[in-house]
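Dear colleague,

I am passing on the structure below, together with a short account of what turned up when I went through it. Please keep it open beside you as you read.

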Amino acid sequence: MGRMYGRILEDEVTKGDGRMLQTGTLILGGSYAAIGCACAAGDSILLIEHESLGEDYSGVLRPSARCEATDAAGKELYAFFEENGVLDAEGRLDVLRSATTVCRFVREKGLRVLLDAPLVSLEKREDGLLATCQTVSGLREIHAARVLDAGFLRVSDRKAVRVMENRLHVTCLSAGEEAPRVEGGEAAAGFFPREWFVSFRFAPEVSLPEARLSVQRRWQAAFPSGECLIEAMSPDFDAVAVPDGGEGICPWLPPHDTDTPIAAFERGAAWAKEVCAR
């Protein structure tokens, strides 16, 4: 389904034209900050290596604090989420269903998106930057006046980033009203009654299989009779990273500076306006 959707979006972006794509701003990543960048930048293309949007929340099952909007950009997304039933009157967000809702928001905004399109190379030219990506129909080049990186692990330069810690999130439904208590777990209330997100922190050197096994063992120790079962576990680490090794070929906005998708969206929009105005 993801690859088929990627094909549809690629056709919309390219309009069947096999020549090099041109854009004012190429935005790397599918985070809420990246989406905010695209809304604020105007002529732009979102280049996403995965098959979905909202990678910093629904993509890794990251819990959200209660949402609030502080500017016009955020209020538009906030209202859209409310209208589509994924945000209640108290600002609680249905993180799981927000994945499809933010896709609808992007489509209605008319943003240009290339899904499932990993970046192969990025090089500076006299008149901007040239990106090469692997799309569902093969390699494609994109020429941009500027590039903004709002991806998880600095898509533009994987070597110029340092992971401080990895987090693994799970969702569950508790038998009672109390939050589930699991060794090393931090519980946060979800959107529905008795829905909880439980987050576990790991050192950068711990592998994903090791972390998943550790969480499963801790959960079994906490609930030996299966009183509370894990409903879903994030498919990948929610990595907390910082720049390491200079500014890189383009500016990067780490995804962990905010605690809600709305705040991340607002920060991305403000950042894009600032960069594009230089």
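In this model, which is predicted, 6 strands form an open sheet with mixed pairing, and their order across the sheet is β3-β2-β1-β6-β5-β4. At its edges lie β3 (112–114) and β4 (119–125), each of which pairs on one side only. Neighbouring strands of the sheet are turned against each other by 40 degrees on average, if direction is ignored.

The largest has a volume of about 360 Å³, and of the 15 residues that line it, His 50, Val 60, Phe 152, Asp 236 and Phe 237 are the closest to its centre. Its lining is made up of 7 nonpolar, 4 polar and 4 charged residues.

The second largest pocket, with a volume of about 220 Å³, is lined by 13 residues, of which Arg 62, Pro 63, Arg 167, His 169 and Ser 199 are the closest to its centre. Here the lining has 4 nonpolar, 3 polar and 6 charged residues. At least two lining residues come from each of β7 (161–173), β8 (185–189) and β9 (195–202), with β8 supplying the largest share, 3 residues.

With best wishes

Key: Residues numbered from 1 in each chain as written. Predicted model: local features only at pLDDT ≥ 70, side-chain atom pairs only at ≥ 80, totals over all residues. Heavy atoms only, no water. Pairing = 2+ DSSP bridges. Helix = DSSP H or I, 4+ residues; strand = E, 2+ residues; numbered from the N terminus. Axes fitted to C-alpha atoms, helices over the stretch in contact; angles between N-to-C directions. 1 Å grid on protein atoms, 1.4 Å probe; cavity = no way out; pocket = protein on both sides within 12 Å on 5 of 7 lines; lining within 4 Å. Points joined across faces, edges and corners; volume = space filled by probe spheres on them. Nonpolar A, V, L, I, M, F, W, Y, C, P; charged D, E, K, R; others polar.
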